[in-house]
Amino acid sequence: MGLGTAGIILPNLPAFSRTVSPEQLLEPGLDVAVKKRLADAALNAAKSKGATYTDVRIGRYLNQFVITREDKVQNIVNTESYGVGVRVIADGCWGFAAVVDAKNEADTAKAAETAVAIAKANAKLMKEPVQLASQKGYGEVSWKAPIQRNAFEVPIKEKVDLLLGVNDAALKNGANYVNSVLFMVNEQKYFASTDGTYADQDIHRIWPIFTVTAIDPKTGKFETRNALSAPMGMGYEYLQRNPVDKVTGITTRYNKGYDMLEDVTAAAKQARAKHAAKSVEAGKYDLVLDPSHLWLTIHESVGHPLELDRVLGYEANFAGTSFATLDKWKSKDFNYGSKQVNLIADKTQVGSLGAVGYDDEGVQTQKWDLVRDGTLVNYQAIRDQAHIIDEDHSQGCCYADSWSSVQFQRMANVSLEAGKTPLSVANMIKDVKKGIYIIGDGSFSIDQQRYNFQFGGQLFYEIKDGQIAGMLKDVAYQSNTQEFWNSCVQVCDASDYRLGGSFFDGKGQPPQSSAVSHGSSTTRFNGVNVINTARKI
Amino acid sequence: MAILTKEEAKTIIDKVLAYSKSDEMSVNLAGGRTGNIRYARNAVSTSGESVNQSLSVTSVFGKRAGTATINEFDDASLEKTVRRAEEVARLAPENPEYMPMLGPQTYLNTDPYAESTAKMDPNYRAQATFDSLDPCRKKNLVAAGYMEDTARFNAIGNTKGLSAYNRETSVEFSITVRTADGLGSGYGTSDVTDVSKLSTKAVTEVAMGKAQASASARALEPGKYTVILEPAALVSNVDASLMVALIRSMDARNADEGRSFLSKKGGGTRLGEKLFDERVTINSDPTNPEVPSGAFSGDGRPQEKITWIEKGVVKNMPYSRYWAEKKGVKAVPPGGNFIMEGGTQSLADMIKGTEKGILVTRLWYIRPVDPQTLLYTGLTRDGTFYIENGQIKFPVKNFRFNESPVIMLNNLEAMGKPVRIGGNLVPPLKIRDFTFTSLSDAV
């Protein structure tokens, strides 16, 4: 449906996770030759039972969370989940079965046989057989995230020291409370299919976050500020302080290196300053949106409505459907946004959360246009959907959050292309007469067909006659997706381009979680409706 | 794994406890089965069933705790897991807020378990799905639905003598029915402990009626309206919701720390203050036969009958054991369910008694805007209707709202008969001045 509720998010563990020691996270998984044997046993068993297509996913999912508040370590969680999922087509219908802790060929063969039996049972209720886009086999291939430092190899003490240092800096700079968390994920995935692909992949993700709270005892009010970090498809090198990764301005923002200590110091002061900030006057404003904010608006108003399964109605009972119906795409002139708006889906972007070599049905990942010069040109589709949008191939955006979950269409990284004309943030702000500059993501909500949305943020600055006039609070903007993207007038150039993203994009029933990045440069939208969110209780 | 009996679970736990060499150790044993079936576009899209079992050991030395988990129950594996937990504990940082484990406890006699649900199989799910799909197909309506059933147990034991056991079952069913032209949409949901009390057909018929009645909605100006919020608009099985947000924001520590709607200006909490309409009374009761819940919380504390809000006054707040000790009060755990008292009117009676208002089937994508005031935003969905002179006049386009449950429960006009939703009992509420801030084109 969308992202989990805000605040410090509780870890979302893959199914069947067990608690292990930090050392166990460093143990190598199965040798690739063993994985091939286990996979071949399943492929052969399914074929002998009548499957016309089979894929096997052998997954080892490792998670580590370090959770602290003020001067205390609240929890350190290390988990491992290992098993095998087998998906087949038999009698024209999908079937899926999974086995935890598969040890030998008999285990995976049995899962394959169960999957075939389920497919045959479901075939009785089928309306039309699966049409799978053809896919060439790649043979034995591998892909590894280009990380510099495996976060699981960093001693726990170094992580604890970092977070307690961050908390200490927050408290010294005006925060009453601070919560900080390091999330680290390693997916070791092996994929094999009857198309002849055997893909071994190693994926890493990291997300350092905090929330600082500043209380004003005189008014009894509290204000918070969350980290301006992004979850990244990187190793521990994301936490290196590197001046080239910093974007200076009214507050420092970060690209591929995050200075957590510097950010929390600013956050504590800003949370304190919010108490004295002016409450916004409701009305129309030109919005200047930083990439640390705009990623979430892209996610909700572009990423989700252009998922083909939503368009077709498969998510109607939960996440909803989409306003971006097939007739709009077929017309070739549906005006999604202004001419400045170019939105790209990309599963290959280095450092992004969605980057992999091959998706979870053995398709090499790609980059493609969704909206070009403001016009809707494509969706996100997988192998059994490609024919619906007249494609002869999948776009490679199939994903399952665990070996135990069945793979389905998930959002690729969806990003706004940087402006082609050189434009800095300072020059963009210079031309704004009455505006608000928004940094960081906050409250978010959008309807089930992705028309009407409302977003908050972390930091709001009033722009008056081309100058930043001071901090605002109680700000949220409401708009309609098509109207909003058509109000886009300027996009800063590539030198300002940064990624934001989420670890926890939810979809499906039972729900599955997916990690996805969204890039942009700072972007200006004219005449957007801003409401004041202050209330008295 | 089958649902182990209390005795079977205790035998395994006691065996594990005997391996302990730490200051304190607890064992948590859990297992069960869950099954689901999902359909969309009038056909089944996915279905599955899985069983799970796990045994988790937490060993403690001083204020250092370590946990290890296993799902194999031979003696060697069990002992190895205890040694692993002890190893992790020795290396763990001290937790200054660590609370010694609880000794033996007395629990209420609850049994949120029904054999009928535990016995559900793929054939049962397929029939329940057919009962829902068939009427939709016949009326040329498009159904998307989901049913998930769970049967599980969990047992806790520790070296201080605590022993707790619970088994439970649940079924959640929801359906969205859309008209073939996509101009109407209706929703129905039901959750039960005992599947024999669930009729997927009856729930589907409610959704079908709403879908057909909601086509060709008219636009009303956003603003403040009297609304009747159906229980599914107050509590959601699949999303955040206004009533659950309120209940979950009552934690005493957050209030004491000054970061809650229950924080008092100048320090302390608003315990004892009247914050809601005097007809608002909310309890928890694990023994309520309509919404039975487990007899103990995750850390082994007994779940008791407790009143959170009485006649609009905040009577109790949940405390962690650490915070309760620091404050010298009883460590009341958050409830396993909540029960909001209501009236005797049916939804139809409430509509009949409304001069002008809006009937809201469901609220959606509900997210916090301001934690200080519990301001939330979200949208109406799947059946929104204008009421005039006691009758539903016409369907209206969906609205975005920005509202706080605290303000909402002060603007109370009427309450209907409570119904079960999300394992809780909640009445439909008639609220004046509910704030709609914009219109949505979504159907």
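Two strands count as paired when DSSP finds at least two bridges between them. Keep that in mind as we walk through this predicted model, starting with a sheet in chain A.

Four strands of chain A make up an open sheet, lined up as S16-S15-S14-S19 with antiparallel pairing. At the edges sit strand S16 (375-376) and strand S19 (413-416) of chain A, each of which pairs on one side only. Now look at S14 (residues 343-346) and S15 (residues 367-372) of chain A: these two run antiparallel and are joined over four bridges. Within that pair, Ile344(A) stands opposite Asp369(A) of S15(A). There's a helix here too: H5 (residues 291-303) of chain A lies across S14, S15 and S19 of chain A, and runs at about 110° to S19(A).

Next, hop over to chain B. You'll find eleven helices and 21 strands in chain B. Its radius of gyration is 24 Å, close to the 22 Å that the globule rule gives for 443 residues, so chain B is as compact as a globular protein of that length. Along the principal axes, its C-alpha atoms fill a box of roughly 70 × 60 × 35 Å. Of the 443 residues in chain B, 54% count as buried.

So where do the two chains meet? Here, 49 residues of chain A are in contact with 71 residues of chain B. Several strands of chain A each supply at least two residues to the side touching chain B, among them S4 (72-90), S8 (197-216) and S25 (475-480). Sorted by class, that side of chain A has 23 nonpolar, 20 polar and six charged residues.

Terms used:
Residues are numbered from 1 along each chain as its sequence is written. Chains are lettered from A and ligands numbered from 1 in the order in which they are written. This is a predicted model: local features need pLDDT of at least 70, side-chain atom pairs count only at pLDDT 80 or more; totals for chains, interfaces and linings use all residues. The radius of gyration is taken over C-alpha atoms; the globule rule is 2.2 Å times the number of residues to the power 0.38. A residue is buried if 20 or more other C-beta atoms lie within 10 Å of its own, exposed if 12 or fewer, and partly exposed in between; C-beta atoms are placed from the backbone. Two residues are in contact if their C-beta atoms, placed from the backbone, lie within 7 Å. Ala, Val, Leu, Ile, Met, Phe, Trp, Tyr, Cys and Pro count as nonpolar, Asp, Glu, Lys and Arg as charged, and the others, Gly among them, as polar. Axes are lines fitted to C-alpha atoms, for helices over the stretch in contact, and angles run from 0 to 180 degrees between N-to-C directions.
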